[in-house]
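Subject: Structure for your review

Dear colleague,

Please find below the structure I promised to pass on to you.

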Amino acid sequence: MARARLRIWGWYFFDWASQPYSTLLLTFVFAPYFAEVARGRYLAEGMDAVAAGAAAQSLWATGLGAASLVVALLAPLLGAVADAGGRRLVWIWGFSAFYILGSAGLWALAPGGDGLVWALVCFGLGFVGMEFATIFTNALLPSLGPRDRIGEISGSGFAFGYLGGVLALALMLLFLAESAQTGRTLIGLPPAFGLDPELREGTRAVGPFTALWYAVFMVPFFLWVREPSLPRSPVRFGAALGRLGSFLKSLPRRRSLAAYLASSLLYRDALNALYGFGGVYASGVLGWSIIQIGVFGVVGAVTATVASWAGGRADRRFGPKPVIAACILLLTAVCILIVGTARESLFGQPLPEGSRLPDLIFFGCGALIGGAGGALQAASRTLMACHTTPERATEAFGIYALSGKVTSFLAPFLIALATGLSGSQRAGIAPLILLFLAGLVLLVWVKPGGEQRAVT
């Protein structure tokens, strides 16, 4: 019993170690800093402020979409290969190296914008590493406990991960990330370790900081987590492709799984876009500084911690499907509110000059995105585990990653297209509403308890 509990805690530590990539890099520190640098570059080239903000958002969307496409194309095959070979930890080691190298390389993006393409390449490398390491770690979930505890374990893992994200973000804001205006951190100090605020070295340190955080806190995972006893064989890509083919061919006969994969393909794509563009949106539309966006991130991460924990218990009592449906409805409402909120107006109604209402609304949206997003991800992981077996889990979670990534280039592309055509960052968020609603409709055909069986 003690060893099983330690194995679960080791599994939790992956969420703790990897969460800063999403919290610090994808959403609240590096993404808005990238948008700030790119916008400054475009302004220097003669664009007006609105066009520069839209161009910066489009560039970020293109890079994120390209990295997501790589994950979509390779995830199912690598999952099938890992299941055929019976080994998963070795893959986690390999993709952890991608995570560390990619995030550390983000240090190179200095003000002026000369390193924008390099930054996108490094971000993409780390993003691919984080996503693939997550696939192989999620595949261990069905073997961590009995079915009636999987939802609670998944929710607690996300809660622990978000707690790590909160702590990492707080450390960045307090001691490293500086304001572009004052050169000081949230508590009025210059960046630690003698970092130069003129060169934005405090903010740029978010990449190496994320890499170091991951390297340190993955130690408990590799010490305590052991793979389930599964048959092992040499890696044969042909055999893996055959297994993957049989899995895909079985989907028309597995109505619940097919509907769930299609549903999650849409709503998780929309959620990832919200995470990826929240900070960019706040920077471009509301004019927030990196520190303001970071505080916004803390609020979201705290609510995500609580909601993931509570969602895990709701999952155990009611099942994952009702939790997912409730979260989708809430996130749809948030998107509508974001589209209607501007610095000078609310749903077309003018606001008094200097009104802080848009800031308060967006802080509230951040709390709701964090809470609903955390619970949604935890319940989604549970429902996928209900549709597979420990022997085929990596393959199944590879398909799950595919369902989350095969159109993950679509949401950024739609945002880039809508932003470019309208010239408005607010209008660029509107396609997410349709993605959430379409995912909710497809959820109707998903069995609440899933279908745990392997297909040969």
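The notes below concern aromatic rings, a helix packing and one tryptophan.

Please bear in mind that this is a predicted model.

Aromatic pairs

The structure contains 31 aromatic pairs. One of them joins Trp 91 and Phe 95, which are stacked with 6.4 Å from centre to centre and 20° between the planes. Both residues belong to helix α4 (residues 89-104), and because they are 4 residues apart there, about one helical turn separates them. Trp 91 and Phe 95 are both buried.

A second stacked pair is formed by Tyr 99 and Tyr 214, so classed because the ring centres are 3.9 Å apart and the planes lie at 20°. This pair links distant parts of the chain, since Tyr 99 is in helix α4 and Tyr 214 is in helix α8 (residues 206-217), 115 residues away. Tyr 99 has a relative accessible area of 0% and is therefore buried. Tyr 214 is buried as well, at 1%.

Tyr 99 and Tyr 214 also belong to a cluster linked by ring pairs, whose members include Phe 14, Tyr 21, Trp 60, Trp 93 and Phe 222.

One further ring deserves mention. The charged end of Arg 204 sits over the ring of Trp 107, at 4.5 Å from the ring centre.

Packing of α4 and α5

Helix α4 packs against helix α5 (residues 116-138) at an angle of about 155°, and the two axes are 7 Å apart. Because angles over 145 degrees count as roughly antiparallel, α4 is roughly antiparallel to α5. Their crossing is left-handed. On the α4 side, the residues making the contact include Trp 91, Phe 95 and Tyr 99, which were named above among the ring pairs. On the α5 side, they include Phe 123, Gly 126, Gly 129 and Phe 136. Phe 123 is also a member of the ring cluster.

Trp 309

Is Trp 309 buried, partly exposed or exposed? With a relative accessible area of 45%, Trp 309 is partly exposed. This residue lies in helix α12 (residues 290-318). Setting aside neighbours within four places in sequence, Trp 309 is in contact with Gly 155, Ser 156 and Ala 159. The C-alpha atoms of Trp 309 and Ala 375 are 7.7 Å apart, although the two residues are separated by 66 residues along the chain.

Yours sincerely

Key: Residues are numbered from 1 along each chain as its sequence is written. This is a predicted model: local features need pLDDT of at least 70, side-chain atom pairs count only at pLDDT 80 or more; totals for chains, interfaces and linings use all residues. Side-chain values use heavy atoms; hydrogens and water are left out. Rings of Phe, Tyr and Trp (its six-membered ring) pair if their centres lie within 6.5 Å; planes under 30 degrees apart count as stacked, over 60 as edge-to-face and the rest as tilted. Helices (H or I, at least four residues) and strands (E, at least two) are DSSP runs, numbered from the N terminus. Buried means under 20% relative accessible area, exposed over 50%, partly exposed in between (1.4 Å probe, protein chains only). A charge sits over a ring if NZ of Lys or CZ of Arg is within 6 Å of the ring centre and within 35 degrees of the ring normal. Axes are lines fitted to C-alpha atoms, for helices over the stretch in contact, and angles run from 0 to 180 degrees between N-to-C directions. Angles under 35 degrees count as roughly parallel, over 145 as roughly antiparallel, 65 to 115 as roughly perpendicular and the rest as oblique. A crossing is left-handed if the near helix is turned anticlockwise from the far one by less than a right angle, and right-handed if clockwise. Contact means heavy atoms within 4.5 Å.
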